[in-house]
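Let's explore a protein together, one question at a time. Have a look at the sequence and the structure first.

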Amino acid sequence: MSATLPNIDEIARWLNAALYITDYRPIPLHEFIVVNNLIYNSKFEVVKDFDFKPHSCDPNYMVPLVDEVVKKNNSVLIFCPTKYNCEQCARTLSHFFLNNGDEKVKEKRRELISHLSRCPAGLDSTLEITVICGIAYHHSGLTMEERELLEEAFRQGIINILIATSTLASGVNLPARRVIFDQPFIGIEFINSLSYTQMKGRAGRKGKDTCGESYLICSRKYLKKVKELVCKKHDPVNSCLVCEQKGMKRALLEVISSGIVKTMRDVKDYIQCTLLYYQEFERIGSSHSKESLSKKFNEIKTINEIIKNNNDIPEPMHYRKVRKTVKSAINYLLKYEFIKFKTSSVNVLEKAITKSIQNMNTTKTVEQLSTTVKSVGSTTTTSSII
């Protein structure tokens, strides 16, 4: 289930799954952009302005945006680009919200501090200052136990101002009345449309709020890019197994080391189950080679000839990128001795891969070639790869 899958029909076909689509959102979301002292709506019309100068420690009007929600006993989720920014933002806000919450809530916060102090890592110096004010940060620098304690405290309203990195963009159910973006960045990269949609979607708590609000703070020099971000349609989701992203190396190593893949036929079967294979097959193969391979390609007997004449031989178009990616990954794993072949026969490998390519849309058996993961420094003789 996701709100950020523009090519969801393709994903459903790949998974052979039933598809259900709805644009219903139980809590409406209102989107705003803050530039200097002006607040724009999603159509970039000015809807409000701050008629006072910002505090020297709060040049972006973060404090009034937070205070507006907190004084109504609602919660705020603030996204910052880095872990350091999260901690600094928590410390800064703590100076403005010393009186956040009544004595009953503060007693629960003291209990939370006590629980945090009993964690193996001890009590964090920043959390020691901010938690009593109802403020906490959340990022990968915290232990799992610390994060769970803070998440539960946020759900119960003990913590009502939570500052986080993009780790809370998806997967963790922590909705808030208002989501605020401290900057339009994740790390040093400008935020992409998928992450932005996921993060702003945290605004609005079902059963507690009548609406959710998202505020993106940015400087005027980024306004053009922010306009493109807000209006942009999501890019399609693509496989991460392509060569440039090094995903295939890790994927093959994991399935080999876990014993899921043991032969060249297993490799072929595994690859044909990936999104990379499906997308190449559907987007390119459908118009070139779904029905049959070219006559010239069928006549090729060895994989070496295919490689040497890669630009001349009209091989199955949808398999070209897949083969290149798999070959690159296997070469890498062999070079650095992550894997070794039990046999030194290169011909067996060539025949297996050639037959695998030619029969990729059939159930024909390909010649098996056992592979195994061995530690670096093993004395087993390594065969050369393609």
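Helices here are DSSP runs of at least four residues, and strands are runs of at least two, numbered from the N terminus. Keep in mind that this is a predicted model.

Q: How many helices and strands does the protein have?
A: Both kinds of element are present in this protein. The helices number 15, and the strands number 12.

Q: Is Cys218 buried or exposed?
A: Buried means under 20% relative accessible area. Cys218 has 6% relative accessibility, so this residue counts as buried.

Q: How many disulfides does a search of the whole structure find?
A: A disulfide needs a pair of cysteine sulfur atoms within 2.5 Å. Searching the whole structure for disulfides gives a count of zero.

Q: Which strand holds Tyr40, and is Tyr40 buried or exposed?
A: Tyr40 sits in strand S2, which covers residues 38–41. Its relative accessible area is 11%, and the limit for buried is under 20%. So the strand is S2, and Tyr40 is buried.

Q: How far apart in space are Tyr40 and Leu216, C-alpha to C-alpha?
A: Along the sequence, 176 residues separate Tyr40 and Leu216. In space, the distance between their C-alpha atoms is 9.7 Å.

Q: What percentage of the 386 residues is buried?
A: The protein has 386 residues, and the buried ones are those under 20% relative accessible area. Their share of the protein is 45%.

Terms used:
Residues are numbered from 1 along each chain as its sequence is written. This is a predicted model: local features need pLDDT of at least 70, side-chain atom pairs count only at pLDDT 80 or more; totals for chains, interfaces and linings use all residues. Side-chain values use heavy atoms; hydrogens and water are left out. Buried means under 20% relative accessible area, exposed over 50%, partly exposed in between (1.4 Å probe, protein chains only).
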